[in-house]
Amino acid sequence: MLTFESLSETSEFARKWVPFCKKFNIEPRAPEWYFTKKIDYLKDKVQPTFVKERRAMKREYEEFKVRINALVAKAQKVPEEGWVMQDGTPWPGNNTRDHPGMIQVFLGHSGGMDTEGNELPRLVYVSREKRPGFQHHKKAGAMNSLVRVSAVLTNGSYLLNLDCDHYINNSRALREAMCFMMDPNLGKSVCYVQFPQRFDGIDRNDRYANHNTVFFDINLKGLDGIQGPVYVGTGCCFNRTALYGYDPPIKKKIHVPNCFTMCCGGTRKNKKVDKKNADGTKTLKQTDNTIPIFNLEDIEEGVEGAGFDDEKSLLMSQKNLEKRFGQSSVFVASTLMENGGVHQSASPAELLKEAIHVISCGYEDKTDWGREIGWIYGSVTEDILTGFKMHSRGWRSIYCMPPRPAFKGSAPINLSDRLNQVLRWALGSVEILLSRHCPIWYGYGGRLKWLERLAYINTTVYPITSIPLVVYCTLPAICLLTGKFIIPQISTFASLFFIALFLSIFATGILEMRWSGVGIDEWWRNEQFWVIGGVSAHLFAVVQGLLKVLAGIDTNFTVTSKASDEDGDFAELYLFKWTALLIPPTTLLVINIVGVVAGISQAISSGYAAWGPLFGKLFFAFWVIVHLYPFLKGLMGRQNRTPTIVVVWSVLLASIFSLLWVRIDPFTTQIKGPDLQQCGINC
C-alpha cells in the first residue's frame with residue numbers, strides 16, 4: 001500500500017519535474033541529489049527564468065517529500081482491519097504472502113501529460129500474485145514478471161534494469177547504450193550493455209572497498225575485449241530478444257584466399273560448402289543438448305506460413321511456443337515482433353487483463369521461464385547465471401564507461417553489512433559451481449569463447465580460495481609459536497621460484513593499474529578487503545553452499561544490531577553489529593598478535609643469534625595483520641572502544657592458543673644438559 005500510494009504521489013510530481021528537467025537540462029535527474037549537491041547550479045544556465053522556476057520547483061519537491069513522509073508515518077501502524085482504498089474497498093495486498101496480482105497504470109497513453117501538454121513516459125505499478133505453496137524466486141521471479149508485463153503493455157525492444165537504490169546520474173548514458181544496441185553491424189549480436197556501478201555516501205577512505213574499483217575498472221574492462229563483461233545485476237540495458245532465449249544471428253565467415261588455398265584448391269571446396277548451406281540442404285546444429293537453439297528468424301518464417309503446409313503444423317508450432325513462453329497468446333505474439341510494439345487492434349482493457357494473467361503464480365509452470373528464458377533461477381546471484389546463459393548462446397555484451405557516471409547508488413558502509421553482502425555474492429557463486437550451469441562443464445557445444453569461460457570459472461570458484469587463504473594467514477603464527485620456518489633457504493631453487501612468482505604478480509598488478517587508471521591506494525584497499533572477505537564471508541559461503549546443495553540445509557546467518565550513540569557523518573560506519581562472520585578474522589588477528597609477542601619474547605631470551613630467523617617470520621605475520629587492519633579498525637569503532645563481546649572473544653581465543661603453546665617459555669632461561677636417564681651421574 002505504501003509503494004502504491006508513493007507511486008501515485010510520484011506520478012503527480014513528475015508532471016512538473018520532467019518538463020523542468022528537459023527545459024533546463026538538469027543533471028542528475030534525481031531531485032534529492034540535485035537539490036542537495038553543493039555545486040554551482042547556475043553554471044551554463046542562460047534562461048532568465050531559471051532561478052525563479054528552480055526556486056518554485058524546490059518548494060514543490062519539499063512539499064512532495066512531506067507528503068511521502070506522511071505516508072511513511074501512516075504505514076508504521078497497520079490498522080487491525082487492514083488498509084482500505086479511497087473507494088472504501090479493502091486493499092487486496094493486505095496479506096503480503098497471499099494476494100492477487102495487481103497492476104495500475106499511473107502515466108501513459110491515457111491522459112498522462114505533463115504541465116506543458118507533452119506525453120509522459122509510462123509509469124506502471126506491478127505487484128505479482130503471491131500464494132502459499134508457490135515458489136516465487138525472489139528477485140529473478142520479479143524481473144521475469146516485469147518482462148512479461150512490459151511485453152504485453154508496451155513491448156519495447158530494450159529494457160533498462162536498475163536496483164531500487166540507484167538513480168540516473170547521466171540521462172545521456174542511455175543514448176550511448178542505444179548506439180551499441182542499434183548499430184547495424186554489431187547491434188544484432190549484443191545482448192546487453194553493462195555500465196559500471198558507482199556509489200554515493202561512502203567514507204573518504206573507503207575503508208571496506210565499497211567502490212570495488214578493481215572489479216569495475218580493471219576486470220570488467222578487460223572482459224570487454226573478449227566477449228563482454230558479466231552482468232552485475234543493475235545498471236544494464238538489455239536486448240529483449242536475448243532474454244527470450246533466442247540465438248544471435250550467425251555471421252557468415254568471409255573466406256579470404258591465400259597462396260596455399262589457391263594452389264591446393266581450398267577455395268573451390270569452400271564454395272561447395274557455402275552452396276550447400278545456401279540451398280538449405282545442411283543447417284548448423286548444436287552438439288550440446290543443454291543449450292537449446294531458439295532461432296528467431298526461423299520461428300518468424302514458420303509462423304508466417306513459410307514452414308507450414310497445413311493448419312495442423314501451425315497449431316503444433318503455436319503449442320510449442322506456448323509451452324516455452326506460457327499460456328498467453330498475446331505474450332507469445334509479442335515475442336515474435338523483433339522490432340517491438342503492440343498490435344493496434346488490442347484494446348487497453350484486454351492488454352491489462354492479459355498482463356494480470358502473465359503475473360499469476362502458476363503461469364511459469366511447465367515452461368522454460370527461469371531455465372532457458374529470462375532471469376535464470378537456481379542461485380541468489382541470478383545476474384551472473386543469466387549473463388552466462390546469454391554468452392553461452394553466442395551473444396556478446398558491451399561495457400560502457402561514460403566520463404560522467406551513468407547511474408549511482410548506495411552501498412553498505414558498515415562492516416557487518418558489507419560482509420553479509422559479500423557472503424550473499426559468494427554463496428551464489430558456490431551454488432552455480434555445484435549446479436548443472438557450472439562454467440567448467442556447461443555449454444561446450446555453444447559459442448562461448450575460451451577466455452570468457454575462464455573468466456566465468458574464476459567468478460564461480462573464487463570462494464574456494466578462502467581455504468588456502470585461511471591456512472596462509474595461520475602459518476605465520478604457527479611459525480612464531482613453534483620456532484620453525486616453512487620458507488626454504490634463499491639459496492634453494494624453491495625460494496628463487498617463489499621470488500620470481502611474487503615479482504611477476506606484482507608486475508602484473510602494476511600494469512593493470514597503469515592501464516586502467518586505478519590508484520595504488522584503491523588497489524591496496526581492494527587487496528585488504530579481499531583478505532578480510534576471504535577468511536570470513538567466502539569461507540562461510542563454501543560451508544553454507546555445500547550444506548544447501550548437497551544436504552538441502554538452508555543456513556542463514558542473521559545480524560543482530562546494537563544501539564549506537566554515534567552521531568554525525570558516516571555514523572553507520574562505526575555502528576557495530578555482531579555476526580558470526582566476525583569470528584574467523586578476529587581469531588586470525590589474535591593468534592598472529594600472540595605469535596608476534598611470543599616470537600619477540602623468545603628471541604630476547606635466546607640471544608642475538610635468534611633475531612636473524614625471526615625477521616622472516618615477523619614479516620609474514622605483520623603482512624597478515626596489515627591486511628586485516630581495516631577489520632581491526634572496524635571493531636574498535638570511532639573512539640577506539642571495542643565492544644564487550646569482541647573483548648570476550650579475543651581473551652577466550654588468546655587463552656586457548658596460550659594453553660596450546662606448551663613448548664615456548666620465553667622468560668625462563670633454557671638450560672640444556674645431558675640426559676641423566678641414559679647415562680646416569682657418571683656422564
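Tutor: First, the ground rules. This is a predicted model, where local features need pLDDT of at least 70, side-chain atom pairs count only at pLDDT 80 or more, and totals for chains, interfaces and linings use all residues. Residues are numbered from 1 along each chain as its sequence is written, and side-chain values use heavy atoms, with hydrogens and water left out.

Student: Why is the pair Glu-32 and Lys-65 called a salt bridge?

Tutor: The term requires a side-chain nitrogen of Lys or Arg within 4 Å of a carboxyl oxygen of Asp or Glu. Here the N to O distance is 3.2 Å, so the pair qualifies. The pair links distant parts of the chain: Glu-32 sits in helix α2 (residues 31-36) and Lys-65 in helix α3 (residues 50-75), 33 residues apart. Helices (H or I, at least four residues) and strands (E, at least two) are DSSP runs, numbered from the N terminus.

Student: What lies behind such pairing in general?

Tutor: Side chains of opposite charge can pair when their charged atoms come close.

Student: What makes Glu-32 and Lys-65 partly exposed?

Tutor: Buried means under 20% relative accessible area, exposed means over 50%, and partly exposed is in between (1.4 Å probe, protein chains only). Glu-32 has 31%. Lys-65 has 32%. Both values fall in between, so both residues are partly exposed.

Student: How many salt bridges does the structure hold?

Tutor: The structure holds 19 salt bridges. One of them joins Asp-163 to Lys-139, with the closest N and O atoms 3.2 Å apart. Asp-163 is in the loop between β3 (158-161) and β4 (166-168), while Lys-139 is in helix α4 (residues 138-153), 24 residues away. Asp-163 is partly exposed at 27%, and Lys-139 is partly exposed at 31%.

Student: How do you know that Asp-200 and Lys-408 form a salt bridge?

Tutor: Their closest N and O atoms are 3.6 Å apart, so the pair passes the distance test. Asp-200 lies in strand β6 (residues 198-200) and Lys-408 in strand β9 (residues 407-410), so the bridge ties together parts 208 residues apart in sequence.

Student: Is Asp-200 buried or exposed?

Tutor: Asp-200 is buried, because its 15% is under the cut-off.

Student: Which residues form a network of salt bridges?

Tutor: Glu-372, Lys-389, Arg-393 and Arg-436 are linked in that way.

Student: What makes Cys-191 buried?

Tutor: Its relative accessible area is 0%, so Cys-191 counts as buried. Cys-191 belongs to strand β5 (residues 190-194).

Student: Which residues does Cys-191 touch?

Tutor: Contact means heavy atoms within 4.5 Å. Leaving out residues up to four places away in sequence, the partners include Met-181, Cys-237, Asn-239, Met-390 and Trp-395. Cys-191 and Asn-239 are 48 residues apart in sequence, yet 5.1 Å apart in space, C-alpha to C-alpha.

Student: Which residues form the nonpolar patch on the surface?

Tutor: Leu-496, Phe-498, Ile-499, Phe-502, Leu-503, Phe-506 and Ile-510, with about 660 Å² of accessible area together. Patches are made of residues with over 30% relative accessible area and no salt bridge: like charges are joined within 9 Å, nonpolar side chains (Val, Leu, Ile, Met, Phe, Trp, Tyr) within 5 Å. Accessible areas come from the Shrake-Rupley method with a 1.4 Å probe; for residues, only the protein chains shown count as cover. Take Phe-502, in helix α18 (residues 493-516). Phe-502 has 47%, so the area test is passed.

Student: What makes Asn-25 and His-137 worth a look?

Tutor: Most residues other than glycine have a negative phi, and most peptide bonds are trans. Asn-25 is not a glycine, but has a positive phi of about 55°. His-137 also has a positive phi, near 65°. Asn-25 is in the loop between α1 and α2, and His-137 is in the loop between β2 (123-127) and α4.

Student: Which peptide bond is cis, with omega near -5°?

Tutor: The one from Glu-27 to Pro-28. Pro-28 is found in the loop between α1 (2-24) and α2.
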